[in-house]
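Subject: Predicted structure for your review

Dear colleague,

Please find below the sequence and the structure for your review. A written account of the findings follows them.

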Amino acid sequence: MYPAQTSLIPVTVAIARFWETNGFGAFGSIYPFWYLGVAFRYLSGPVIPLLITGLKSILPNVSLFSITIYLVFFSFGLAVVGWGILATKISGNRSIGLLVSGLTLILPWRYFASLALDEASFSIARNFLPYVLTAFWVFVRQKTKIRAALTVVATSFLLLLNTSLLPILLVGISGTILAASFREGKIRNLTNHIKVSFSVLAAAVMLVTFWYTPSYWITILTNPSIGGASGFKVILRILDLLKAAIPFFLAVLAVYFSGRVKTRFTLFGLTWIFTFFFLTIFRFIGDPDFWTDWTSWFWELEVGIAFLAARPLVELFTRPKLAHILLFLGLSSSFLFSFFVYRKLGRPELISSQIPAGVASLEKLAEIAGERRVFLSGSTVFWANALYDIHQVRGGRDQVATNPDWDKAAYELREGKDTGLAEGWLNKLDISYVLVHSGASKEYYHDFRHIEKWDRLGDIVWQESGDAILKVSP
């Protein structure tokens, strides 16, 4: 089985494939195929590669792609149960928990995004999140050493799945703390709950640092998408992270001044959905055309819809008819938006028995290039190393790249018009071949802005179906 061409599942497969080849020796090794070399520890926690390759040893006739897709689907089941458990804990009502489980089962965005857009370890981590939030809820309600230890273990496991979930986790923990502090219409013991909860979170981060190493966090902090940031950029990055907290505070203010909150469950649901709603709006205003960016929180919005729809909305509004209208709009928006994005992607096959046609040229590239470095763009970047040992400039985890030049070269080669600058980068990074996609290519992302410049930069050694492999160095 293979996912849609636009999926990032191949990134997970590429990492698991390297682990399968090198075993536990991958722990301390350099992954040579992305960003001119990057520490393997930076690319992934150990859980997903171990799980995929372990299942592969048991099921040798099943491909890494199929195993990864099966794991994603299995995690959907975990999420359905997990969100129901969390809803039951917060509301104290099992019926509400069952309703939340049912809604998270039928709302479609998570299924579509996992197969067409997202990376597998991130999807699996998202689906494990409600268990971590449940652990925090239980711990905050009754603080014992055993519960603290279990919460640290659950949080550490989540971060060893994928650390990119950390911002979503912070929102969830904050909402859980607020809900746990809500009694008799007032917030009580909030400071103490914050102190103990974030002490547990800090302990989990320290624990997983034994795997990722301290330099990993420094790289993430200084390098949202580029390597080698200066101290000044560190300060700017910290300010950027603080700015990202504004939507949460706006959500809390919106909930507080609404005057409609009467239960912990409602407080959690509104804080959660308002936070991700404001995050979506901020990203949309920043760049409406970059739809893959501002739609990234719709997964969390679906969870918020499930939480708010589970309890009769009559509690939130004085007019029952308005509640029913909002309930209908909330549920239908998930289906309509999923269909809208599905059409925008060209109605791809979400699961196929064949490799997508848009990346078929990689087979010829691997044959021609051998161990020489190539430049790729579009979805071929993510598929290349799931299928072949291709040394490329780009890769599947931009935020952990440590080479200071790769991103500048990638921008110039994709979007620059100056052939002299492009030639300089080709020589500096020792790039031998470039896979260029014309307008006739089946590649979904047509990133090369000035196709005409490549006629002056290299010689075509192969072309087919709108794709061309150019030799750009002797």
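In which helix is leucine 43 found? Leucine 43 is found in helix H2, which covers residues 40-43; helices (H or I, at least four residues) and strands (E, at least two) are DSSP runs, numbered from the N terminus.

Before the details, a note on the basis of the values. This is a predicted model, in which local features need pLDDT of at least 70 and side-chain atom pairs count only at pLDDT 80 or more, while totals for chains, interfaces and linings use all residues. Residues are numbered from 1 along each chain as its sequence is written, and side-chain values use heavy atoms, with hydrogens and water left out.

Overall composition

The protein chain comes to 21 helices and 10 strands. Of its 474 residues, 54% are buried (buried means under 20% relative accessible area, exposed over 50%, partly exposed in between, with a 1.4 Å probe and protein chains only). The chain exposes about 21300 Å², and carbon and sulfur atoms supply 64% of that area; accessible areas come from the Shrake-Rupley method with a 1.4 Å probe, and for residues only the protein chains shown count as cover. Among contacts (heavy atoms within 4.5 Å) with a separation of 6 or more, 73% are between residues 24 or more positions apart.

Leucine 43 counts as buried because its relative accessibility is 0%. Leaving aside residues up to four places away in sequence, leucine 43 touches Ile15, Tyr31, Trp34, Val38, Arg397 and Val400.

The structure holds three cavities of 30 Å³ or more. On a 1 Å grid over the protein atoms alone, a cavity is a set of points where a 1.4 Å probe fits but cannot get out, and lining residues have an atom within 4 Å of a point. Grid points are joined across faces, edges and corners, and a volume is the space filled by probe spheres set on the points. The largest cavity holds about 90 Å³ of space. Its lining consists of 14 residues, of which Leu43, Asn162, Thr163, Tyr216 and Arg397 lie nearest the centre.

Salt bridges

The count comes to nine salt bridges, each being a side-chain nitrogen of Lys or Arg within 4 Å of a carboxyl oxygen of Asp or Glu. Arginine 397 meets glutamate 119 in one of them, at 2.8 Å from N to O. Arginine 397 lies in the loop between H19 and helix H20 (406-415) and glutamate 119 in the loop between H6 and helix H7 (120-141), so this pair ties together parts that are 278 residues apart in sequence. Arginine 397 is buried, with a relative accessible area of 9%, and glutamate 119 is likewise buried at 7%.

A salt bridge also joins glutamate 300 and arginine 126, with the closest N and O atoms 2.9 Å apart. Glutamate 300 lies in helix H16 (residues 298-310) and arginine 126 in helix H7, so parts 174 residues apart in sequence are tied together. Both glutamate 300 and arginine 126 are buried.

Lysine 428 and aspartate 405 form a further salt bridge, the closest N and O atoms being 3.4 Å apart. This pair links lysine 428 in helix H21 to aspartate 405 in the loop between H19 and H20, 23 residues apart. Lysine 428 is exposed at 53% relative accessible area, whereas aspartate 405 is buried at 17%. Salt bridges that share partners join Asp118, Arg126 and Glu300 into one network.

Enclosed helices

Seven of the eight residues of helix H6 (residues 109-116) are buried, so H6 is largely enclosed by the rest of the structure. In helix H19 (residues 380-387), eight of the eight residues are buried. The buried residues of H19 pack against several elements, including helix H1 (9-22), helix H4 (64-91) and strand E8 (431-437).

Backbone

Threonine 213, in the loop between helix H10 (190-212) and helix H11 (214-222), has a phi near 75°, a positive value in a residue other than glycine. Aspartate 430, in the loop between helix H21 (419-428) and E8, has a positive phi near 55°.

Yours sincerely

Conventions
On a 1 Å grid over the protein atoms alone, a cavity is a set of points where a 1.4 Å probe fits but cannot get out, and a pocket is an open set with protein on both sides within 12 Å along at least five of seven lines; lining residues have an atom within 4 Å of a point.
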